[in-house]
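Below is a set of questions and answers on how the terms used for one structure follow from their cut-offs. The structure comes next.

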Amino acid sequence: MRRSRDNILCHELLGLRVRILAHLDPSLEGREGVVVWETARTLKVDVGGKVITVLKPGSRLSFEIDGVGWVEVRGDSIIGRPAERAKRMLRGEACSAGV
């Protein structure tokens, strides 16, 4: 299934461009890069050759999806391992990006 605005919360985020719109650490706000790794509570983002760790809880992020544009997501809504989020989709649970 292709990524869309309606199912982004249940998809893998690796390889997507991300913008940090708001974060508990103000020094991260405004940064933009590519997601290179993901854990249950963090994203590793390559920002111009430097990899930074972004905590999901308390953040507001925007992901670029091909053919859709930028989709804003609350970090709290993507807490969990990518495989757990994919299982939510299979079970028919909500996967839309409600910000």
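**Terms and values**

The protein chain exposes about 5400 Å², of which carbon and sulfur atoms supply 51%; accessible areas come from the Shrake-Rupley method with a 1.4 Å probe, and for residues only the protein chains shown count as cover. This is a predicted model, in which local features need pLDDT of at least 70, side-chain atom pairs count only at pLDDT 80 or more, and totals for chains, interfaces and linings use all residues. Residues are numbered from 1 along each chain as its sequence is written, and side-chain values use heavy atoms, with hydrogens and water left out.

Q: How many helices and strands does the protein chain have, and what pattern do they follow?
A: There are 1 helix and 6 strands, in the order β-β-β-β-β-β-α along the sequence. Helices (H or I, at least four residues) and strands (E, at least two) are DSSP runs, numbered from the N terminus.

Q: Why is Val-71 called buried?
A: Buried means under 20% relative accessible area, exposed over 50%, and partly exposed in between (1.4 Å probe, protein chains only). Val-71 has a relative accessible area of 1%, so Val-71 is buried. This residue lies in strand β6. Its C-alpha atom is separated by 8.2 Å from that of Leu-61, 10 residues apart along the chain. Buried residues make up 37% of the 99 residues in the protein chain.

Q: What makes a set of residues a nonpolar core, and which residues have the most contacts inside the largest one?
A: A nonpolar core is a set of buried Ala, Val, Leu, Ile, Met, Phe, Trp, Tyr and Cys residues joined through side-chain atoms within 4.5 Å. The largest has 19 residues, and those with the most contacts inside it are Ile-8, Leu-43, Val-54, Leu-61 and Phe-63. Two or more residues of this core come from each of β1 (17-22), β3 (42-47), β4 (50-55), β5 (60-65) and β6 (69-74). In soluble globular proteins, nonpolar side chains tend to be buried together.

Q: Which residues does Leu-43 touch, leaving aside those up to four places away in sequence?
A: Contact means heavy atoms within 4.5 Å. Leu-43 touches Leu-13, Val-35, Trp-37, Glu-38, Ile-52, Thr-53, Val-54, Lys-56, Leu-61 and Phe-63. Over the protein chain, among contacts between residues at least 6 apart in sequence, 49% join residues at least 24 apart.

Q: Why do Arg-17 and Glu-32 count as a salt bridge?
A: A salt bridge is a side-chain nitrogen of Lys or Arg within 4 Å of a carboxyl oxygen of Asp or Glu. The N to O distance for Arg-17 and Glu-32 is 3.0 Å, so the pair meets the criterion. Arg-17 lies in strand β1 and Glu-32 in strand β2 (residues 32-38), so the pair ties together parts that are 15 residues apart in sequence. The structure holds 4 salt bridges. Side chains of opposite charge can pair when their charged atoms come close.

Q: How do you know that Arg-17 and Glu-32 are partly exposed?
A: Arg-17 has 31% relative accessibility and Glu-32 has 30%.

Q: With which other residue does Glu-32 form a salt bridge?
A: Glu-32 also pairs with Arg-19, with the closest N and O atoms 3.0 Å apart. Glu-32 is in strand β2 and Arg-19 in strand β1, so parts 13 residues apart in sequence are tied together. Arg-19 is partly exposed, at 32% relative accessible area.
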